[in-house]
Amino acid sequence: MTTTTTSGVAKLLLNDEEYDLPVVVGSEGETGLDISKLRAQSGAITLDQGYGNTGSCMSDITFIDGEKGILRYRGYPIDDLADKADFLEICWLLIYGELPTKAQIGEFRRDLTVHTLLHEDMKKFFEGYPPNAHPMGILAAMVSSLSTFYEVFGKGDAEEDVYLNICRLIAKLPTIAAFSYKKSIGQPFIYPDNDLTYCDNFLNMMFAVPSERYRVSPVLSHALNMLLVLHADHEQNCSTSTVRMVGSSQANLFASVAAGITALWGPLHGGANQKVLEMLRRIRDDGGNYQKYVAMAKDKKSSFRLMGFGHRVYKNFDPRARLLKKSCDAVLAELGIDDPLLDIAKNLEQVALEDEFFISRKLYPNVDFYSGIIYRAMGFPVDMFTVLFAMGRLPGWIAQWKEMREQGGRINRPRQIYTGPQERKYVAIGGRG
Ligand code: ACO
């Protein structure tokens with residue numbers, strides 16, 4: 001669909017030459033200067049380290065207004081979706097652009113259900129990892145491995161072939177995630193149960209053991225659904241840009257998403273949810289003195305940052321953090337859990353929100369600040385937190401990969417300003433002292 005208008009030109013003056021840059025305006029009024037011809041016309045490129053001002057694509061999928069704290073999937077506000085929508089509906093919405101009809105979602109559920117099993121040979125891979133292997137490393141390797149088990153498709157392939165791999169990926173990711181956890185604690189794998197819903201099946205594979213009856217708690221299942229919905233897409237963040245970057249070389253879906261998983265793992269991105277919990281524990285073990293940690297975060301000589309605070313795009317409350325904070329209280333109350341880490345988190349948040357350092361830099365809690373506390377209350381170990389983020393983000397990665405593929409753009413290939421030595425002569429080892 002991509003609703004854009006060109007609205008006049010911006011003028012650039014460079015070395016006394018004037019260049020016209022077309023102005024592109026998105027459907028929500030965002031304005032971009034189209035510099036795609038600038039180098040050909042002027043020999044100059046733009047420099048934007050960290051891409052804070054660079055639009056890498058035009059996209060119909062997700063809208064964020066970071067100043068106002070707005071997040072919408074295909075036009076639907078996250079506040080409406082978080083509590084009401086089923087995660088699989090959101091997968092469909094993101095990937096295919098509209099909320100599914102009853103018939104579409106019925107068929108989609110069936111198609112996912114028949115792909116939940118892993119190839120038995122893939123199970124053997126888990127034996128090769130050390131017992132303390134981080135599940136994100138396993139997840140990335142396993143998703144990449146899917147491309148060796150299934151036919152991967154090229155540029156002009158039929159939609160139904162692409163659909164098949166999309167179903168495989170969405171269906172198998174929870175199985176891989178749960179198996180990597182079971183491997184890490186030395187328990188037998190629990191196979192998928194196709195009578196269960198997507199969330200119930202995952203919880204069952206995570207927490208059931210063959211020797212005992214396990215009933216999935218509806219409270220946990222509802223909380224998991226909401227967490228997955230809240231994480232489902234976030235436009236051109238680090239991992240999604242990675243998926244699009246890798247996919248732009250026409251790498252297959254599994255390979256592109258595996259790259260996204262590794263990008264997500266970093267502590268400045270999805271890995272922050274694990275780091276938040278580690279930070280809260282550290283504060284608790286240090287006597288609960290959260291003011292000390294706020295002071296450390298402000299100290300320019302210290303490399304310490306308040307994990308779960310700040311965002312490249314949100315300069316207001318991250319709407320997902322707002323929803324999670326509310327649901328954190330509800331989930332803990334329903335589960336009857338009194339978690340001192342939640343009190344530390346709330347105190348930390350309050351102190352930071354009233355502090356000039358954080359106010360002037362517009363640093364607010366992000367999605368990772370509260371998600372870890374809910375995951376912990378649900379019984380997930382800390383190093384599974386980022387895996388849960390990846391499960392949630394999967395439909396966004398797929399939707400963005402599919403959109404990029406359909407837009408048929410060029411391979412993504414940024415330029416650089418070279419700052420190294422100018423040409424010099426090679427000196428053989430004997431002449432180097
Ligand atoms: N604690 C203390 N100070 C901070 C924090 C923080 N969490 N975040 C930013 N700042 C300060 C910086 O020191 C900098 O101060 P200065 O202007 O005096 O130098 C200013 O705020 C701007 O920070 P940048 O690093 O330039 O902001 P950027 O947009 O590059 O980074 C990021 C955003 C990575 C999220 C950053 O805020 C951060 O490191 N947060 C902690 C990690 C985290 O929670 N990551 C999850 C992000 S959400 C997600 O990916 C799902």
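Reader: OK, how far is a polar side-chain atom of K300 from an oxygen atom of the ligand?
Author: 2.8 Å. That is a polar contact, meaning a pair of N or O atoms within 3.5 Å; within protein, one must be able to donate a hydrogen and the other to accept it, and residues adjacent in sequence count only if both atoms are side-chain atoms. Keep in mind that this is a predicted model: local features need pLDDT of at least 70, side-chain atom pairs count only at pLDDT 80 or more, and totals for chains, interfaces and linings use all residues. Residues are numbered from 1 along each chain as its sequence is written, and side-chain values use heavy atoms, with hydrogens and water left out.

Reader: And what does L306 do with the ligand?
Author: A polar backbone atom of L306 sits 2.7 Å from a nitrogen atom of the ligand. There's also N366: an N or O atom in its side chain is 2.9 Å from a ligand oxygen.

Reader: Switching topic, where is D355?
Author: In the loop between α15 (340-353) and α16 (356-360); helices are DSSP runs of H or I, at least four residues, numbered from the N terminus.

Reader: Buried or exposed?
Author: D355 counts as buried because its relative accessibility is 14%, and buried means under 20% relative accessible area (1.4 Å probe, protein chains only).

Note on methods: Helices (H or I, at least four residues) and strands (E, at least two) are DSSP runs, numbered from the N terminus. Buried means under 20% relative accessible area, exposed over 50%, partly exposed in between (1.4 Å probe, protein chains only).
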